[in-house]
Structures are given as C-alpha cells and as structure tokens.
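I opened this model to look up how its parts pack against each other. My entries follow in the order in which I made them.

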Amino acid sequence: MGYKHIGKSYARSDAVRKVTGDAVYINDMHLPRMLHAQCVRSPYAHAKILSVDISAAEQMSGVKAIITGDEYPNRAGLYLEDRYFMAKPGDTAKYLGEAVAAVAAETPEQAQAACDAIRVEYEELPAVFDAVEGMKPDAPLIHPDLKNYKVAPIFFPKPDTNISHHYVLRKGDFAQAAESADRVFEHKYYIPHVQHVPLEPHGCLAKYDADGKLTVWASCQSPYAVRQALSVAFDLPLNKIRVISQTVGGGFGAKAGTTLEGIVIPLAKKCKGRPVKLIYTREDEFINAYVRQGMHATIKTAMRADGKILGVHNTFVWDGGAYTEYGVNITKAGGWASAGPYDIDNVWTDSYCVYTNHPVGGPYRGFGMCEIHFAIEQNIDQIAKEMGLSEVEIRRLNGLRPGGFTGMGERLDVAGFQDCLEQVLADIEYDKPSEQISPTKIRAKGIAGGWKSPSMPTNAGSAAILRMNEDGTFFLMSSGQEIGQGAATVLPQIAAEVLSVPPDKITYISGDTDHTPYEWQTVASRTTYCAGNAAKLAAEDLADKLLDLAQIKMGAAKRDLKLEDGYIVHRIYPEKRLPMADFALGISFGDGSGYGGPAIGVGTFTLENNINTDKKTGIAKNHPAAFWTMGANGCEVEVDTQTGHIKVLKMVSCFDAGKVINPALFAAQSEGAMVQALGTALFEELKLKNGKVLNHSFVDYKIPTADDMPELVVKYVEHAEPTGPYGARGVGEPLMVPGAPAIANAVTNAIGVRFTRMPITPEDVLKALRGRKMDGKS
Amino acid sequence: MKYRVKFWVNEEPVELEVSANRTLLNVLRDELYLTGTKEGCGAGECGACTVIVDGKPVNACLVLAPELDGKHITTVEGLAKDGELSPLQQAFVKNAALQCGFCTPGFLMSGTALLQENPNPTREEIVRAISGNLCRCTGYVRIVESIEEVAAQYKGGAR
Ligand code: FES
Ligand code: FES
C-alpha cells in the first residue's frame with residue numbers, strides 16, 4: 001500500500017536537542033534550594049538489622065533529614081509486594097548494598113559525611129548465593145513471610161521456600177515423546193548475571209509541597225508504574241503524586257520499575273518545599289539498580305531420526321536476587337517462550353524464580369529471551385552435530401510457519417521465522433565455508449533464531465491525546481517514553497499518516513502523569529504497537545471530527561471528503577479544498593456564531609481478547625500473547641588459537657517487523673542490539689562472590705567499544721501484524737535475542753569446542769583448546 | 001584551599017574561585033550550568049564528559065579545576081555557530097547516529113577534535129579516536145560513518 005509517511009526514514013525528532021546539549025536529563029536539573037541525598041548501605045548480603053543510630057549524624061552541619069526503614073509503612077512490588085524501599089530495623093537486609101538509611105543535606109559531601117556517621121548494628125545471617133541451592137528445603141529462608149505477601153493472581157510463590165514463582169507449562173506429554181523418540185538428549189547451560197549499563201545512571205528528584213502534592217522527576221521508562229508503586233508504598237492518592245520523566249539516557253529495562261525514587265520521597269517529605277536529589281554513581285548502577293538475573297537451564301530433547309523435534313522438557317532456575325520486582329514475570333515469560341520459534345507438539349517446562357542474597361534481578365532487553373535462547377539455539381546445534389544432521393535443516397523442519405502452533409498451543413496465522421532464517425543464511429553465505437587467512441586464526445560462521453512476545457498484563461492499556469493548534473500544527477501526548485528507541489519520532493509518524501500532514505508538524509509530548517495520558521509501561525517492545533495504536537486511534541478520532549465540521553462548511557457529504565497534505569479535499573472535485581487549520585477552532589457562520597471547536601482527538605487502546613493461560617497447564621489456545629516477533633542472526637567469527645581472543649567479523653540480522661515505520665531507526669536499533677548481544681557473549685558478567693559485586697566499574701566490567709564493532713548487516717521482512725498500527729509489531733528487544741547464541745555457535749564451528757556458559761572469554765577458549773589437545777581430538 | 005582561575009569556555013572568558021578537589025566537569029555542570037557535558041562514571045572510563053581543551057579531547061572528570069587557568073575549552077554547547085549545527089552535528093542528526101543521546105556530546109567532542117587535528121582520518125584512526133567513548137545504544141557504526149562523512153566533505157573542499 002502506498003503510504004506517505006510510514007516506511008520513511010525521517011530524522012529523529014529529538015536529534016537536534018541531543019546533539020546540542022539542550023536535552024535535559026535528570027542530573028541536568030538544578031532547582032533552587034535543592035538538597036542532595038546519599039544512602040547508607042548494608043555491607044552484608046544477609047543480615048538482621050539490630051539497630052540504626054542516627055544521633056551523631058543528626059548534629060552534623062548541612063544535614064536536613066535522615067530516614068531509616070521505619071519511614072516505610074507498606075511493602076510495594078509490581079507483581080509481588082515483597083519489599084520496603086529500605087530495609088527496616090528489626091528486619092533483614094537481603095543483599096549487599098541494600099539501603100538501610102539515607103540523608104538529605106545541603107551538599108552531596110555533607111550528606112555523605114552524615115551517612116558515614118550513622119552507626120548500624122548487624123547480625124550476619126546464613127545466605128543464599130546460588131539459585132539451585134536456594135531451592136533446597138534446608139536453604140536459609142530469605143523471605144520467611146512470603147505466604148503473607150500480596151501477589152498478582154498469575155504468580156505462584158511457594159510459602160516457606162525461596163521460590164517466588166513456579167511457572168508450569170504442560171503441552172502434550174514429554175514422557176511419551178521421549179518414549180517414541182529415536183534419540184533423547186540432555187544439555188545444560190548457565191547464563192550469569194549481567195547489568196544493563198545505560199550510559200546515564202539512575203537519578204531522581206522529589207519535592208513535597210505544603211498542600212501534600214508530591215512531584216517526582218525521575219529518569220524512568222514508566223512514569224505511571226512508578227506513580228502506582230509510590231502510591232501503594234506511601235499511602236498517597238494518585239492525584240497527589242506527579243511523576244515526570246524527561247530525557248532518559250538509556251533504559252534497556254533497568255529504568256522500567258521503581259528504584260531510588262522510593263528512597264528520595266520520605267526525605268523530601270521531611271524537607272517540605274525543598275527538592276531532594278539522588279543520582280546513582282556508576283558503582284551504584286552496577287550493584288543497586290537492577291541486574292539481569294542469572295539462569296541455569298536444562299533442556300531435554302526427544303528427537304526423531306530425521307531431525308523432527310518430538311518434545312522438549314525445560315527446567316529453568318532463575319537467580320531472582322533479594323527481591324523479585326519483574327523477576328517472577330521474567331520467569332513466566334521464559335517459560336512461555338521456552339519452545340523457541342519452533343513448532344513442537346510436546347513441551348514441558350518448569351521455570352522457577354528463586355530468592356537469593358544477590359542484587360535485585362530486573363528486566364533487561366529481551367526479558368528472559370536472551371537467556372533461554374542461549375540455551376535453545378545451542379541445543380539445536382549440539383543435537384545436529386551429535387545426530388549428524390544439518391543445524392539448518394533442523395531449523396527449517398521445525399521452525400514455525402503460518403498455521404503452526406506455539407509452545408502454549410496457540411495457532412499462529414502470521415509467522416515470518418522461515419523467511420528471516422533464509423535471509424540470514426543468504427547474507428552470511430552460510431553454505432560457503434569461511435576463508436581461512438592464518439593457521440592460528442580460525443574463522444567460522446554461526447546462526448541462531450529467536451522470538452519474543454510482550455509479557456504484559458492481558459489488559460495493559462495505552463492512551464493518546466492529539467491536540468490541534470490554530471495554525472494546523474499538533475501536539476501528540478502520550479506516556480510511551482522516548483528512551484532512545486525512537487518513540488518520539490515513530491509515534492508522530494503514525495499520526496501523520498492518518499492526518500496526511502508532515503510528521504514535523506506534530507510535536508510529541510510524553511512523561512508527565514499530571515498531563516500526558518495513561519500508559520501502562522514503556523517496556524516489552526510494546527510502544528510502537530500499543531502506544532502506536534493509541535496514537536493512530538487519536539488521529540482517526542481527530543480526522544473524523546474535522547470531517548464532521550468540513551461537511552457542514554463545505555456542503556459535501558462526509559464520505560466524499562478526505563484529508564490530504566494539510567487540506568480537506570473533495571474526492572471528486574479536488575479543487576474544492578480548505579486548509580485543515582481552518583477547522584482547528586471549529587467553524588463559524590455568517591451570523592458570527594461558532595460550532596464544534598477546538599479540535600482534539602482521543603485514542604485509547606487495550607488489546608481485546610488477549611487472555612490468560614490456563615493456570616495448571618500454561619496452555620491458551622487463543623491469543624495469550626499480543627504478538628510474536630521472530631527473526632534470526634548469522635555471524636562470522638575469528639578465534640585466535642594463541643591468545644584465545646574472539647573477534648566477531650560480521651553479524652547479520654533479519655526480523656519480521658510486520659511493518660517498519662522508520663527504516664533508519666529500525667536499522668539503528670538492530671545494530672545496537674547486535675553489539676549489545678556481542679557484549680554478553682564475549683565480555684559481560686557481573687562477578688559475584690559471597691554476594692559482593694567484584695566488578696563495578698567500566699575497567700572491570702567491559703562493554704563493547706567501537707573497536708569491537710563488526711560489519712553489521714540489517715534486513716527485515718514485513719508480514720503485517722493484524723492488530724498492529726499499519727501492521728507493525730514491536731522489535732526493540734527481540735533484535736538482541738539471537739546474537740549471543742549465534743556467536744557461541746560460530747565459535748564452536750571454529751574450534752570444535754562447545755561453551756555452555758557465557759561470556760566466552762579468551763581464558764575459556766585457551767583452556768578448552770588445551771583440553772581438546774589432551775583428548776587427542778586436535 | 002581556593003584557587004582563582006581564568007579560562008575560556010566556548011570563547012567566552014570565565015573567572016572563578018575553585019576548590020582544589022573540584023573537577024572541570026563539576027565546574028562546567030554545577031557552576032556554569034553547562035550541562036550538555038555528561039557524567040557517566042566520574043572516573044575517566046566512559047568518555048561521556050569529553051570536552052576539547054586547547055585542541056585536545058580530554059575527560060573533564062579527570063581535570064582538576066585549578067589546572068584550568070589560561071585554558072581554552074570547547075563543550076558541546078559551543079559546536080553550533082550562529083544557530084547552525086556543525087557539520088558533525090548535522091551528520092549525527094541525518095544518520096541517526098544517536099539514540100538515548102547521553103553519550104552523544106562526548107562522541108561529538110572526540111570526533112570534532114579528531115577532525116580538527118586530522119581532517120582526513122582513516123577508519124582505524126576514527127575508531128581509535130572514539131574508543132574511549134562508550135555507547136550502549138547504537139552499535140557505533142553510525143557514529144563512525146558520520147565522522148567519515150564529514151571528513152569526506154572536507155576532502156571535497158566543502159569546509
Ligand atoms: S564521566 Fe568522565 S569519563 Fe566517564
Ligand atoms: S546513544 Fe545511548 S549511550 Fe549512546
């Protein structure tokens with residue numbers, strides 16, 4: 001279909017602000033009379049807090065307020081209300097770094113000095129540092145009160161254990177599949193904790209006015225979710241909390257929930273009228289923001305001799321950390337998607353979220369998918385080798401096709417997986433062996449597939465308001481946050497297509513719970529889809545209202561009129577036209593009377609017929625997931641057998657985006673996703689020892705630099721999503737999913753050794769090569 | 001102990017009393033309110049705070065304020081002239097070489113310093129010049145291409 005604005009690579013609407021330094025991030029805010037906050041943090045991973053003595057700190061200069069856990073009346077949590085924002089005296093600190101007190105003072109230095117003067121007495125307790133150990137009946141209990149916590153009805157914590165959720169999927173009968181199989185395999189994988197590493201650390205500013213109004217400025221992805229959590233934690237009505245999120249310097253999930261906001265607010269309450277600011281250091285970011293949970297995966301696979309996968313039985317054990325935040329839902333999402341983009345009749349999965357005394361697990365781009373696919377996609381390559389089959393043919397044979405069935409038993413009418421796979425195979429020339437340039441630098445290629453659906457409440461809502469100005473420009477207001485992904489460019493493009501005006505006539509405004517309308521959250525790769533649908537509906541509503549007025553003014557039937565390039569035009573007599581701006585304030589008649597203005601459009605979107613899965617079996621035959629985004633990566637690597645160094649030479653990506661709204665932004669996001677995946681495959685691991693994060697700086701925790709950048713090729717296919725705006729579905733997270741396993745598969749293809757744990761470091765490679773020599777296989 | 005320093009920021013003279021433990025980054029952000037220069041680590045490891053001091057790219061978080069005396073400093077706020085974006089800023093906008101934008105000022109300063117010193121860099125030289133700048137969003141390729149594009153304009157005499 002011919003679109004005017006959809007599918008065009010418009011420049012980012014926020015680009016000029018961002019290249020000039022005009023964009024305001026949270027730490028750029030300096031308010032008059034602003035105070036600075038600092039925290040006291042637990043030096044133990046698990047300890048009872050016997051006492052907190054603030055008397056000396058109170059006397060220090062510049063100190064305006066001190067709080068302890070006693071300030072917190074209620075537990076909060078997105079799905080499972082399991083935490084106070086600060087550990088309470090008499091209760092326990094559950095990870096090393098948990099806040100136990102905080103100070104607001106005139107300067108950050110004074111706040112820090114006062115923190116240093118706060119005396120906390122602890123009694124150290126036995127701790128849990130491994131999720132599998134933590135599941136055992138004799139493990140120390142981290143949340144003895146778990147049975148009394150409030151929980152969303154789709155999650156199932158096990159009282160008197162550390163298990164915060166046990167997700168169960170029972171499609172078909174794995175035991176029978178194994179019985180009738182020619183071969184049965186069992187492979188294990190481990191994915192360590194990593195951190196999101198947004199370049200902008202978390203930050204928050206809060207101000208409490210005398211009339212009880214609390215204003216919170218935060219670098220956050222989901223202002224409405226933050227507002228809700230704060231309302232629950234502090235017993236505040238929603239109309240008394242205003243959460244404002246301006247420019248967000250990268251999120252990747254780390255800024256999805258509520259973090260330091262909960263610490264700043266009680267301080268602000270004690271210092272009425274004075275704003276209080278807290279900005280995380282990079283060290284805080286690694287320890288006290290969120291981390292991607294570690295995960296142990298075991299996959300049993302029942303295979304027919306020809307490569308047909310008859311059944312899988314997955315066991316995933318997630319290291320949820322001290323509190324669950326999104327952890328239980330990641331556990332569920334991992335279980336949901338555990339069949340991968342494959343059509344398998346028998347899928348059994350047990351996915352456990354386990355409390356440990358580790359930093360708090362949170363959502364990280366992919367929401368469990370990067371982790372499970374590191375296992376799923378290596379499992380396929382391993383089975384192919386062991387059975388003497390082609391890993392490509394196994395994927396072709398089992399990969400989803402339109403009309404196929406997901407692991408949850410849902411029939412899919414749209415499934416672009418096979419097209420993406422073929423595209424990637426072609427772009428990486430998978431059938432051509434790598435050209436070898438040196439006997440000590442071995443090159444090889446690898447592939448992997450992946451998929452993801454948004455793991456969101458089935459009734460998650462989005463709203464948009466489109467205001468027309470007198471001159472025919474517009475404000476599109478929604479709370480789908482611009483976090484770098486391009487929402488502020490793509491959503492106006494969608495509205496522009498409906499209204500037939502250039503996108504730069506539409507200014508995007510978001511992130512203010514007092515002013516921009518409700519949005520559940522900017523997560524789950526749902527913004528283009530959900531907020532995009534709302535924007536489209538708002539534009540359609542506005543267009544309809546303009547046409548209502550135009551039919552009166554122009555004396556023509558509504559159906560004969562259309563919007564075109566800023567005008568309302570008669571379809572049959574196109575010379576009959578009036579500027580759209582003429583209707584911005586309604587119309588007026590000869591006698592001076594007016595009617596029907598000012599023009600404003602409203603759009604609200606809740607996906608209909610999106611239903612929960614069956615509690616016992618995890619099955620939902622129709623529409624448990626809003627959509628599934630599928631695709632594949634291919635790559636070529638070079639392994640230096642003398643140094644163990646792995647260089648990724650090339651990565652290729654192809655996803656089924658449904659409809660790409662802005663190709664340049666799609667490509668840019670694809671590139672970033674591949675390089676982020678490369679980081680997890682080769683460098684990134686949060687090193688934890690007895691609950692302590694050992695590598696909390698960029699020197700010790702390396703992320704990819706320009707030096708690591710491979711040649712990047714981005715492609716897409718477009719099989720329209722029936723419920724998506726112009727057919728679009730979300731892509732931000734899925735794009736990262738196949739990268740790490742594709743690299744791992746390529747490394748194995750190069751040196752013949754399988755790495756079941758990431759990252760694959762030079763030491764791992766050298767160790768494996770030495771082992772291989774000893775096996776006499778070399 | 002306070003030091004009196006006189007220096008230039010984006011060609012404007014500045015005179016300040018600074019304490020010995022403050023950094024150039026503190027001075028720019030907290031005293032001059034030039035907040036375009038970002039703090040990503042405060043330890044010289046991310047490049048978000050890169051500014052140009054006497055023609056060289058430096059991490060502002062590593063420069064102590066008393067050392068500023070007599071120096072000429074350019075920050076991201078000083079790149080656009082008379083309301084017109086610099087060629088590198090324009091290239092970043094055109095090529096979508098930024099996403100969240102937090103690293104962007106640092107890359108622009110590293111790239112600008114490189115092009116001033118070497119208007120015709122190779123790809124390796126570009127990569128080396130920005131290898132101290134971290135970006136989590138873009139995958140770097142569009143940043144490198146934007147610098148290459150401006151270098152090509154210079155070559156074509158469009159300076
Ligand atoms: S803030 Fe200066 S290098 Fe990171
Ligand atoms: S654009 Fe976000 S860190 Fe570079």
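Axes here are lines fitted to C-alpha atoms, for helices over the stretch in contact, and angles run from 0 to 180 degrees between N-to-C directions. Helices (H or I, at least four residues) and strands (E, at least two) are DSSP runs numbered from the N terminus. Contact between two residues means C-beta atoms, placed from the backbone, within 7 Å.

I noted the source of the numbers. The model is predicted: local features need pLDDT of at least 70, side-chain atom pairs count only at pLDDT 80 or more, and totals for chains, interfaces and linings use all residues. Residues are numbered from 1 along each chain as its sequence is written, and chains are lettered from A and ligands numbered from 1 in the order in which they are written.

Next I traced the sheet. It is open, has four strands in the order E18-E28-E29-E32 (chain A), and its pairing is mixed; two strands pair if DSSP finds at least two bridges between them. Strand E18 (441-452) and strand E32 (711-717) of chain A each have a single partner strand, so one side of each is left without a neighbour in the sheet. On average, neighbouring strands are turned by 15° against each other, direction ignored.

I then checked E18(A) against strand E28 (residues 629-640) of chain A: they run antiparallel and are joined by 12 bridges. Lys441(A) has Asp640(A) as its bridge partner in E28(A).

For chain A overall, I listed 17 helices and 32 strands. The C-alpha trace spans about 100 × 70 × 50 Å along its principal axes. Of the 778 residues in chain A, 60% are buried, that is, 20 or more other C-beta atoms, placed from the backbone, lie within 10 Å of the residue's own.

Last, I turned to the chain interface. Which chain B helices each supply at least two residues of the side that touches chain A? Chain B puts 42 residues in contact with 44 residues of chain A. Helix H2 (87-94), helix H3 (104-117) and helix H5 (141-155) of chain B are the ones I found. H2(B) gives the most to that side, with four residues. By class, this side of chain B has 25 nonpolar (Ala, Val, Leu, Ile, Met, Phe, Trp, Tyr, Cys, Pro), 11 polar (the others, Gly among them) and six charged residues (Asp, Glu, Lys, Arg).

Methods. Buried ≥ 20, exposed ≤ 12 C-beta atoms within 10 Å, placed from the backbone.
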